[in-house]
Amino acid sequence: MFDFHMHSTVSCDGHDTPEKMVAAARKMGLKEICFTDHVDDDPLGDSSHLQYTLAEYEAGYGHLTDDQVKLRFGMEFGLLSNNQPLLAQRSRERNYDFIIGSVHFADNVDVYFKEYWKGKTVLQAEQTYLQTTLDCVTAHEDFDILGHLTFLSKARVHPTHIPVNLETHKEIVAEIFKVLIAKGKGIEINTSGVDRCGAYLPAPEYLRLFKDLGGNIVTVGSDAHTHDRVGQYCFEACRIVQDIFGHVCTFENRQPIFHKL
Ligand SMILES: [Zn+2]
Ligand SMILES: [Zn+2]
């Protein structure tokens, strides 16, 4: 089984060393994992603390090997509608296996912060986040999959924690998917929402819509920032993806590999 989204201490917000994360993956019986540390970008502030340096990355992973768990090395890049040059530069600094493009900022603030929610109804907060996501996937080319669509549902400051309803936003979600599919990009099912807002990010009905529109690249990731969350709900999520698509994807050298489980 696979977990293609996790953060070690190489990330600004990761708590455990790469070695500890690998040990947890072994314990969980995972076949293959990918480290996807943050290169995030604050549209208004200093981003240096949100981005690892290449030297930090190599210090963390340069000598990391394991004889049980296949290790892949990637990045989670924070998409803005105008930071394509940064992604172009960072994606080519080494041979990454996999790049997740994620939307963390909308209206120039992190959707995790109270400030984003101030003066917005939940519906407006969702609409702004989805429109930003559409702008970002339209603007960018140098990523492989869109990370944790519907991510804002798990923000600690979310007033209701009710997951983004597909029926309410079907039109724009379909637009996002059509752009991704036309560019040969995929999506992930991120399991970090299960305990936080009771839903995968995004929920299986989104995956079905992605498939109906012609999408076929889907990865599974825990988004673990601590060793105890490595692989959490990934077996379940892999089964969901397998049932809908008939395969689950991993990546190597930025190319998808299709696994029939
Ligand atoms: Zn993220
Ligand atoms: Zn993440």
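In this predicted model, the buried residues of helix H6 are Val173, Ile176, Phe177 and Leu180. They sit on the same side of H6, because they cover an arc of only 95° around its axis. The general rule behind such a pattern is simple. An α-helix has 3.6 residues a turn, so residues three or four places apart point the same way. The other side of H6 carries Glu171 and Ala182, which are exposed.

H6 itself runs from residue 170 to residue 182. Its 13 residues reach 18 Å from the first C-alpha to the last, close to the 18 Å expected at 1.5 Å a residue. Just after H6 comes Gly184, with a positive phi of about 75°.

What do the buried residues of H6 pack against? Two helices are among their partners: H5 (122–139) and H8 (204–212). Two strands are there as well, E7 (145–146) and E8 (186–190).

Take the helix pair H6 and H8 next. Two packed helices are described by the angle between their axes and the distance between the axes. For H6 and H8, the angle is about 55° and the axes are 10 Å apart. That angle makes H6 oblique to H8. The crossing is right-handed. From H6, Val173, Ala174 and Phe177 take part in the contact. They meet Tyr206, Leu209 and Phe210 of H8. Val173 and Phe177 also belong to the buried set of H6.

H8 has another helix partner, H9 (residues 234–245). Here the packing angle is about 30°, and the axes are again 10 Å apart. H8 is therefore roughly parallel to H9. This crossing, too, is right-handed. H8 contributes Pro204, Leu207, Arg208 and Lys211 to the contact. H9 contributes Ile240, Val241, Ile244 and Phe245.

Now follow H9 itself. Its 12 residues should span 16 Å at 1.5 Å a residue, and the end C-alpha atoms are 16 Å apart, which agrees. Cys234, Ala237, Cys238 and Val241 are buried in H9. Seen down the axis, these buried residues fall within an arc of 100°, so they line one face of the helix. They pack against H8 and against four strands: E1 (2–3), E8, E9 (218–221) and E10 (248–252). E8 also packs against the buried residues of H6. After H9 comes Gly246, whose phi is positive, near 80°.

Next, look at the loop between helix H7 (194–197) and H8, where Tyr200 has its place. Is Tyr200 buried or exposed? Tyr200 is buried, because 25 other C-beta atoms lie within 10 Å and 20 or more are enough to count as buried. Leaving aside residues up to four places away in sequence, Tyr200 touches Ile189, Asn190, Thr191, Gly193, Val194 and Ala237. Tyr200 and Gln242 are 42 residues apart in sequence, with 15 Å between their C-alpha atoms.

Pro202 lies in the loop between H7 and H8 as well. A cis peptide bond joins Leu201 to Pro202, with omega at about -5°. For context, most residues other than glycine have a negative phi, and most peptide bonds are trans.

How many C-beta neighbours does each have inside 10 Å? His148 has 26 and is buried. Thr150 has 25, so Thr150 counts as buried.

Finally, turn to helix H3 (residues 84–91). Leu87, Arg90 and Ser91 are its buried residues. Seen down the axis of H3, they fall within an arc of 95°, so they line one face of the helix. Pro85, Ala88 and Gln89 are exposed on the other side. The buried residues of H3 pack against three strands: E2 (32–39), E3 (70–78) and E4 (98–102).

How values were computed: Residues numbered from 1 in each chain as written. Chains lettered and ligands numbered in written order. Predicted model: local features only at pLDDT ≥ 70, side-chain atom pairs only at ≥ 80, totals over all residues. Expected span 1.5 Å × (residues − 1). Buried ≥ 20, exposed ≤ 12 C-beta atoms within 10 Å, placed from the backbone. Arc of directions from axis to C-beta. Contact = placed C-beta atoms within 7 Å. Axes fitted to C-alpha atoms, helices over the stretch in contact; angles between N-to-C directions. Parallel < 35°, antiparallel > 145°, perpendicular 65-115°, else oblique. Left-handed = near helix turned anticlockwise from the far one by under 90°.
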